[in-house]
Amino acid sequence: MSDYCHKREFSVRYEDVDFLDRIKPSALLSFAQDAAGTSADELGFGYDDLIPFGYGFVVVTTCCEMLKPARPKDVLTVETWPLTPRRVVFERAYAVNNQAGEKIAALASRWCLVELGSGKMLPPEALKAHKNCPYRDERTLTPEWNLEKLREKGKEVYSMTARASHLDHYRHVNNAKYADFFTDCFSREERERKSLKSFRISYSKQVKEGETLLFYRKDASEGISFEARMNGEATTRFFAAFREGAEA
């Protein structure tokens, strides 16, 4: 088995934490996305390698366990590696540690390689670098990929319209932005009483500038489920589990 591991450091900025100085889910998703990107560059299937062919990777689902809070000015090291792909699903593992070597978070993500013009999903063989890629079949957590479909069960919380500042280079809302949209479904008082233990987020439909999302919420003993809908169709789902108290 390969021991390949890509490492990248990130300094936690004030904009990466909430009003209690705890790192935000969106910051962890952004760090993971950036580390995955530079790892892909290193392995020969990064953005610059794929865009001439009209291909691109899009994230489908991410699972995260929040193990310890990270604060402003902390320096985090994200370690990541690709697992052996299955059919059209590409999976990555991530471990996040602080400067003291303490575990901050563990993540897993699923990606699809798509033809950007048609949206067609492509197999690993479409990548020239696939044959010699040092895949590493080791996980940092046991992911639960499925998220509940709320349908009529959810209660509407708020609506928002996607703006240009939410978009990435594929001209749709960036995956990390959704985590902020979903955490805006909590009140300040709720976030003061509880700290995030884990979350899962899945993406099923792209959202572009000017399109409006409605956010729905369903509370249960094991956690809170959310769904973003556009024209009645679910585009993104989010699940959050908590521990009592402001500290993680």
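**A strand residue and its surroundings**

Author: T77 touches K7, R8, E9, A95, V96 and N97, leaving aside residues up to four places away in sequence. The model is predicted. T77 sits in strand β3, residues 75–82. Is T77 buried or exposed? T77 is buried, because its relative accessible area is 19% and the cut-off for buried is under 20%.

Contacts of T77 include K7, R8 and E9. Strand β1 covers residues 6–11. Contacts of T77 also include A95, V96 and N97. Strand β4 covers residues 90–97.

Now the pocket. Strand β4 supplies at least two residues to the lining of the largest pocket. So do α1, α2, β2, β5 and α3. Helix α1 gives the most, with seven residues. The pocket has a volume of about 1,100 Å³.

Next, the charged pairs. The count comes to 16 salt bridges. One of them joins R191 and D18, at 4.0 Å from N to O. R191 is in helix α4, and D18 is in the loop between β1 and α1. The two are 173 residues apart, so this pair links distant parts of the chain. D18 counts as buried, at 11% relative accessibility.

A second pair is E148 with K218, at 2.6 Å from N to O. E148 lies in the loop between β6 and β7, and K218 lies in strand β9, so the bridge ties together parts 70 residues apart in sequence. E148 counts as partly exposed at 29% relative accessibility. K218 also counts as partly exposed, at 24%.

E192 and R188 meet at 2.9 Å, N to O. They are four residues apart in helix α4, so about one helical turn separates them. E192 is partly exposed at 34%. R188 is partly exposed too, with a relative accessible area of 45%.

There is also a network. R13, E15 and D16 are linked in it by salt bridges.

Last, the surface. Which residues make the nonpolar surface patch of about 220 Å²? Y47, I51 and L116 do. I51 lies in the loop between α2 and β2. I51 is partly exposed, with a relative accessible area of 33%. Patch residues need over 30%, so I51 passes that cut-off.

Key: Residues are numbered from 1 along each chain as its sequence is written. This is a predicted model: local features need pLDDT of at least 70, side-chain atom pairs count only at pLDDT 80 or more; totals for chains, interfaces and linings use all residues. Side-chain values use heavy atoms; hydrogens and water are left out. Patches are made of residues with over 30% relative accessible area and no salt bridge: like charges are joined within 9 Å, nonpolar side chains (Val, Leu, Ile, Met, Phe, Trp, Tyr) within 5 Å. Accessible areas come from the Shrake-Rupley method with a 1.4 Å probe; for residues, only the protein chains shown count as cover. A salt bridge is a side-chain nitrogen of Lys or Arg within 4 Å of a carboxyl oxygen of Asp or Glu. Buried means under 20% relative accessible area, exposed over 50%, partly exposed in between (1.4 Å probe, protein chains only). Contact means heavy atoms within 4.5 Å. On a 1 Å grid over the protein atoms alone, a cavity is a set of points where a 1.4 Å probe fits but cannot get out, and a pocket is an open set with protein on both sides within 12 Å along at least five of seven lines; lining residues have an atom within 4 Å of a point. Grid points are joined across faces, edges and corners, and a volume is the space filled by probe spheres set on the points.
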